[in-house]
Amino acid sequence: MLRNALIYLSESDVAKNVVTRTPLRRMSRRFVPGMKVEDFLRAGKEANAAELQVTGNYLGEAEHDERTARDAVNAYLEILDGIKAQGLDGNISVKPSQVGLEIGKDFFKENIRTLLDRAREADIFVRWDMESSDWTQATLDPFEEMWAEGYHNMGPVLQSYLYRTMDDAKRMNELGARVRLCKGAYAEPPEVAFQDKAEVDRNFIDVSKALMTDGNYPALATHDEDIIRVLKEFAREEGIGTERFEFQMLHGVRRDLQQQLRREGYNVRVYVPFGESWYPYLMRRLAERPANMLFFVGSVVQDSPLGFLWPGGNKNKEEGKGQDRGA
């Protein structure tokens, strides 16, 4: 119920107007480092310094106007140029609807081709983010068409809460495409998606194993320590080296776990979003993992006159000490 409520709030203009006037706006910078390309590049440098790779996402989706869709393309071109110029170990994650998929497939393919060409020149990978189930097939169809054209510097995202995902993963394995697997952050009907968390988790593990065994450098996007433990054990049992896959986590979430995995020799990539459309992104992240709310509640309380009531007082708020396990 809480998850569905948060997803509803992510789509509410009224809720956005209220929330953006609260301390939550400032606290959101732990998850969204800023609104400009320079903010992403700064966060990317910091992540690289900690031996973490990054992927940059310019927040936004469902553009219906060609001009604003092209503005998004230009923002991504600026990110690509910045990554190359600064020598960052990073790539980009693009929402297809943000760069024209809802306007028309031909218009979208023109835009994504522009990004893929620039990325190929710079030897940078492009991730196609996935949205709600209404767009799954509409995203994978042009992906396969572009793959057939020879664009192999790209890979899709699949979501373990959808029934179809194992079949999609096998298809991507056959192509040789790099897949990012996540659980999914949209409210989906029982006709297309698992409704029970245990089933979503079980499918995540099953699909991950298929990707690790037969896929091309899959990205396993989870903060769940139990799932990570299972996948690490599977890799050891099957002789799958750490160079054959990576873990992905959100910027600002479980930084302790990110560092632990890196120390153990695993590749870890941090998903770094930026842009003015931070509010719906943040609400969906809270919906995906409601425990993240503990961090925000703690941060808001610590910034208030009641800060002394929170364990550790105000002194730990910047680093989130004692709270990362809830993030």
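I call a residue buried under 20% relative accessible area, exposed over 50%, and partly exposed in between (1.4 Å probe, protein chains only). The model is predicted, so I note that local features need pLDDT of at least 70, side-chain atom pairs count only at pLDDT 80 or more, and totals for chains, interfaces and linings use all residues. Residues are numbered from 1 along each chain as its sequence is written, and side-chain values use heavy atoms, with hydrogens and water left out.

**Glu225**

I looked up Glu225 and found it in helix α10 (residues 225-238); helices (H or I, at least four residues) and strands (E, at least two) are DSSP runs, numbered from the N terminus. Glu225 counts as partly exposed because its relative accessibility is 26%. Its side chain makes a polar contact with the side chain of Arg254, at 3.3 Å. For that term I need a pair of N or O atoms within 3.5 Å; within protein, one must be able to donate a hydrogen and the other to accept it, and residues adjacent in sequence count only if both atoms are side-chain atoms. I also noted 8.2 Å between the C-alpha atoms of Glu225 and Leu257, which are 32 residues apart along the chain.

**Helix α7**

Among the buried residues of α7 are Leu140, Phe143 and Trp147. Just after α7, Gly150 has a positive phi of about 105°.
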